[in-house]
Amino acid sequence: MADSVADLSSETTARARAGRSAADLREVSLERGAVPYAEGSCLVSFGRTRVLCAASVEQGVPGWKKGSGEGWVTAEYAMLPRATKTRVSRERSQVGGRTQEIQRLVGRSVRAMLDDFRFGEFTIKVDCDVLQADGGTRTAAITGASVAVVDAFAWMVQQGHLVASPVRRRVAAVSVGLIDGEPRLDLDYEEDVRAGVDMNVVMSSEGRFVEVQGTGEHGTFAREELDALLGLAVRGIESLSAAQARVLDGPLSSVRAG
């Protein structure tokens, strides 16, 4: 359990120990159908970060959409108490600000998979539960949630609720950052806490941006640095999107990216 997050006192970084260059993803795996009772699910791993994504199909929609004939897609995000090195209390009575921010990001991202919501008054709810956190939990959640949503809509077609899936594209996400002035892809926890610039990028399988979140944690950054980070992110997301395509093209199984 002591290795659930990176050891900041280590002289050798996790990236170096893994033989990973600044432009390499961590080892990424997607296990489709990881939750047998859910209409769609995916266990996604970005290195030691592991997130279980389950998409549930429910009859009915939020009150503000009732009577519209349209459906809705939403997401919830949570971190298990021992996903990190020290126990974090469950958010029972009130969801924290960070959790709200992440689940809204995941929701916006998976809704970008559709052109409209004309699939009847059903709600797709995606639960993203962090089993182990070592940086990049939100980007892993988005990448796994996309696979789960594809399968949830496929289930609706199989059950006769829909003639065809409304999914028009997948989405995937990755983090990038500047560490000691060097652009790096897919930051683990050790790198994330040291990053001078930290950025999360969400893109569609069509190669278009869904959302870009970037912050100069300890100052400002130049346009050239921004361009370099986006270039890294695009290449990383292309690899993630290819892994999604491979796992969705086959039977319920797992696939590794890279």
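Predicted model: local features only at pLDDT ≥ 70, side-chain atom pairs only at ≥ 80, totals over all residues.

Let me start with Asp 186, which is buried, because its relative accessible area is 0%. Buried here means under 20% relative accessible area, exposed means over 50%, and partly exposed lies in between, with a 1.4 Å probe and protein chains only. Asp 186 sits in the loop between E7 and helix H4 (189–192). Its phi is near 55°, a positive value in a residue other than glycine. Most residues other than glycine have a negative phi.

Residues are numbered from 1 along each chain as its sequence is written, and side-chain values use heavy atoms, with hydrogens and water left out.

Is Asp 180 buried or exposed? Asp 180 counts as exposed, because its relative accessibility is 67%.

Contact means heavy atoms within 4.5 Å. Arg 26 lies in the loop between helix H1 (14–17) and strand E1 (28–32). With 8% relative accessibility, Arg 26 counts as buried. Arg 26 and Glu 191 are 165 residues apart in sequence, yet 12 Å apart in space, C-alpha to C-alpha.

I turn now to the helices. The protein has 5 helices and 10 strands; these are DSSP runs numbered from the N terminus, helices being H or I with at least four residues and strands being E with at least two. 

Consider helix H3 first. Of its 22 residues, 18 are buried, so H3 is largely enclosed by the rest of the structure. At 1.5 Å a residue H3 should span 32 Å, and its end C-alpha atoms are 31 Å apart, which agrees. The expected span is 1.5 Å times one less than the number of residues in the helix. H3 is followed by Gly 160, whose phi is positive, near 85°.

Within H3 we find Thr 143. Why does Thr 143 count as buried? Its relative accessible area is 0%, and therefore it is buried. Which residues does Thr 143 touch, not counting those up to four places away in sequence? They are Leu 30, Phe 46, Val 171, Ala 172, Ala 173, Leu 240 and Gln 244. Leu 240 and Gln 244 are in turn among the buried residues of H5.

Helix H5 covers residues 223–249, 27 residues in total, and reaches 39 Å from its first C-alpha to its last, close to the 39 Å expected at 1.5 Å a residue. Its buried residues include Leu 229, Ala 233, Gly 236, Ile 237 and Val 247. An α-helix has 3.6 residues a turn, so residues three or four places apart point the same way. Ala 245 is also found in helix H5, but Ala 245 is partly exposed, with a relative accessible area of 23%. Ala 245 and Val 150 are 95 residues apart in sequence and 11 Å apart in space, C-alpha to C-alpha.

Helix H2 (residues 97–111) has 15 residues; its end C-alpha atoms are 21 Å apart, in agreement with the 21 Å it should span. Among the buried residues of H2 are Thr 99, Ile 102, Gln 103, Val 106 and Arg 111. Their cover includes helix H3 (137–158), strand E5 (122–132) and strand E6 (171–179).

Finally, the protein as a whole. Its radius of gyration is 18 Å, which agrees with the value near 18 Å for a compact globule of 258 residues; the radius is taken over C-alpha atoms, and the globule rule is 2.2 Å times the number of residues to the power 0.38. The C-alpha trace spans about 55 × 40 × 35 Å along its principal axes. Buried residues make up 48% of the 258 residues. Of the contacts with a separation of 6 or more, 70% are between residues 24 or more positions apart.
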